[in-house]
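Me: I would like to learn how to read a protein structure, one feature at a time. Could we go through this one together, with the general idea before each case?

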Amino acid sequence: MSHNNATNKIATQVGDREIRITRVLDAPRDLVFDAWTKEEHLSKWWGPRGFTTTFQKFDMKPGGTWQFIMHSPDGVDFPNTNVFVEVVKPERIVIHHVVFPHFLTTATFEDADGKTKLTYSTVFEENAAVFDKVKTYAVPGAEQTMDRLEEHLASMS
């Protein structure tokens, strides 16, 4: 399995209040979906490089809550609370981040000849001024999180 990031990273686009990352992952769609929906996998790769994550509650179903704390490399804790809006195996997951900054994340998984085209879109609810501040850390954080997903997928297969 090759993990040449230059070929896997299709695009990162930043709009008015949206960050959209598209990648082709060198893993079948069911495996990628498992990496997103099973706590034992998700807890290993979720968050920017150097971060660890402690899950407090993980109820992967529409209306279910996902509470966790992201621990930064310098010891700062970032509590997070999400509510699953939609879970359609193996096609789509929609998550509402219900603490600041508020956003709706949609991950779609498309079969691409045995690989998976992942589109990861985050639309922020705050105004443009808040988004301008948030995107300075949210864009690299999301890209690093997707890098960690790719690395974890390699270990799963």
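Me: Which are the buried residues of helix 2?

Reply: The buried residues of helix 2 are Leu31, Val32, Phe33, Asp34, Ala35, Trp36 and Thr37. Before we go on, please keep in mind that this is a predicted model, in which local features need pLDDT of at least 70 and side-chain atom pairs count only at pLDDT 80 or more, while totals for chains, interfaces and linings use all residues. Residues are numbered from 1 along each chain as its sequence is written, and side-chain values use heavy atoms, with hydrogens and water left out.

Me: How many helices and strands does the secondary structure of the protein chain come to?

Reply: The protein chain has 4 helices and 8 strands, and from the N terminus on its elements run α-β-β-α-α-β-β-β-β-β-β-α. Buried residues make up 43% of the 157 residues in the chain.

Me: How many aromatic pairs does the structure hold?

Reply: A pair of aromatic rings is described by the distance of the centres and the angle of the planes. Rings of Phe, Tyr and Trp (its six-membered ring) pair if their centres lie within 6.5 Å, and planes under 30 degrees apart count as stacked, over 60 as edge-to-face and the rest as tilted. The structure holds 18 aromatic pairs. One of them joins tryptophan 36 and tyrosine 120, which form a tilted pair at 5.7 Å centre to centre with 50° between the planes. Tryptophan 36 lies in helix 2 (residues 29–37) and tyrosine 120 in strand 8 (residues 115–124), so this pair ties together parts that are 84 residues apart in sequence.

Me: Are tryptophan 36 and tyrosine 120 buried or exposed?

Reply: Both tryptophan 36 and tyrosine 120 are buried. Another tilted pair is formed by tryptophan 66 and phenylalanine 68, at 4.6 Å centre to centre and 35° between the planes, and these two residues are buried as well. Tryptophan 36, tyrosine 120, tryptophan 66 and phenylalanine 68 are among the members of one aromatic cluster, which also includes Phe33, Trp45 and Phe109.

Me: Which peptide bonds here are cis?

Reply: Most residues other than glycine have a negative phi, and most peptide bonds are trans. Here a cis peptide bond joins lysine 89 and proline 90, with omega about -10°, and proline 90 is found in the loop between strand 5 and strand 6 (92–97). The bond from phenylalanine 100 to proline 101 is cis too, with omega near -10°, and proline 101 is in the loop between strand 6 and strand 7 (103–112).

Me: What is phi of aspartate 113 near?

Reply: Phi of aspartate 113 is near 50°, a positive value in a residue other than glycine. Aspartate 113 is found in the loop between strand 7 and strand 8, and at 81% relative accessibility it counts as exposed.

Key: Helices (H or I, at least four residues) and strands (E, at least two) are DSSP runs, numbered from the N terminus. Buried means under 20% relative accessible area, exposed over 50%, partly exposed in between (1.4 Å probe, protein chains only).
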